[in-house]
Amino acid sequence: MSKKVAEQLVEMLIQAGIKRIYAITGDSLNELNDAVRRTPELKWIHVRNEEAGAFAASADAQLSGLACCAGSSGPGHVHLVNGLYDAHRSGAPVLAIASTCATKEFGNYFQETNVIKLFDDCSYYNQVAANNKQVPRMAQAAIQTAIQRKGVGVLGLPGDVAGEDAVEIDSSVNNFFAKPTLPRYGKNWCSWPT
């Protein structure tokens, strides 16, 4: 049996050091929720609304270095905004998974939001994957941008794409956490060798 995009995304989150997703289960998040349920290294933290989840992810990121929240479709996306503004302005690296209606329903669908417009001002990275081939690269870019720029990366993930077969892209599995170090030379760490 092949791996689904949702399972691939869960593996990428774990690889990046994310331990929790703060979210409410919603129809377009079902594939992701199920993949998390089957993976003991990652926990689905159910919250009362997506706003609380985004605030929790912001706090988690400020303590741990990187966190994740998720929201589904219109109401979920709109609720995420307040917490994501807080994370973005606070310099908290947060990955927000904005699950959307199925790709065949794009264009004035019930509860559809324009993910790009909605999250533009509270994120450094903000894209919607249209197919399974885009998810690994976009997820890696959203995570890496959140880490490096210390803010929010938004990955728009249509529910039908999350259930498709995963496409492996080897260059998308690594994230780089920059930790600058100063060289130590001699007794005084500021003295340079001659």
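User: What order do the elements of the protein chain run in, from the N terminus on?
Analyst: They go α-β-α-β-α-β-α-β-α-β-α-β-α. That comes to 7 helices and 6 strands. Helices (H or I, at least four residues) and strands (E, at least two) are DSSP runs, numbered from the N terminus.

User: Where do these coordinates come from, and how are residues numbered?
Analyst: This is a predicted model, where local features need pLDDT of at least 70, side-chain atom pairs count only at pLDDT 80 or more, and totals for chains, interfaces and linings use all residues. Residues are numbered from 1 along each chain as its sequence is written, and side-chain values use heavy atoms, with hydrogens and water left out.

User: What's the average pLDDT of the protein chain?
Analyst: The average is 89, and 87% of the residues score at least 70. pLDDT is the predictor's confidence in each residue, from 0 to 100.

User: And which elements are lowest and highest in confidence?
Analyst: Helix α4 (residues 73-90) is lowest, at a mean of 93. Strand β1 (residues 20-23) is highest, at 98.

User: OK, the sheet. What's the strand order?
Analyst: It's an open sheet of 6 strands, ordered β2-β1-β3-β4-β6-β5, with parallel pairing. The edge strands are β2 (43-46) and β5 (125-128), each pairing on one side only. Two strands pair if DSSP finds at least two bridges between them.

User: How much are neighbouring strands turned against each other?
Analyst: By 20° on average, direction ignored. Axes are lines fitted to C-alpha atoms, for helices over the stretch in contact, and angles run from 0 to 180 degrees between N-to-C directions.

User: How many bridges join β5 to β6?
Analyst: There are 4, and β5 and β6 (residues 152-158) run parallel. Tyrosine 125 stands opposite glycine 153 in β6.

User: Switching to helices. Which residues of α2 are buried?
Analyst: In α2 (residues 30-37), Leu32, Asn33, Ala35 and Val36 are buried. Seen down the axis of α2, these fall within an arc of 160°, so they line one face of the helix. The arc is that of the directions from the helix axis to the C-beta atoms. Buried means under 20% relative accessible area, exposed over 50%, partly exposed in between (1.4 Å probe, protein chains only).

User: What do they pack against?
Analyst: The buried residues of α2 pack against α1 (5-15), β1, β2 and β4 (94-100). Contact means heavy atoms within 4.5 Å.

User: How much of the protein chain is buried?
Analyst: Of its 194 residues, 47% count as buried. As for contacts with a separation of 6 or more, 74% are between residues 24 or more positions apart.

User: Glutamine 62: buried or partly exposed?
Analyst: Glutamine 62 counts as partly exposed because its relative accessibility is 48%. This glutamine lies in helix α3 (residues 50-64).

User: Last topic, phi. What's the value at serine 73?
Analyst: Phi is positive there, about 50°, although serine 73 is not a glycine. Serine 73 is in helix α4 and is buried, with a relative accessible area of 12%.

User: And where does lysine 150 lie?
Analyst: Lysine 150 is in the loop between α6 (135-149) and β6. Its phi is near 55°, a positive value in a residue other than glycine.
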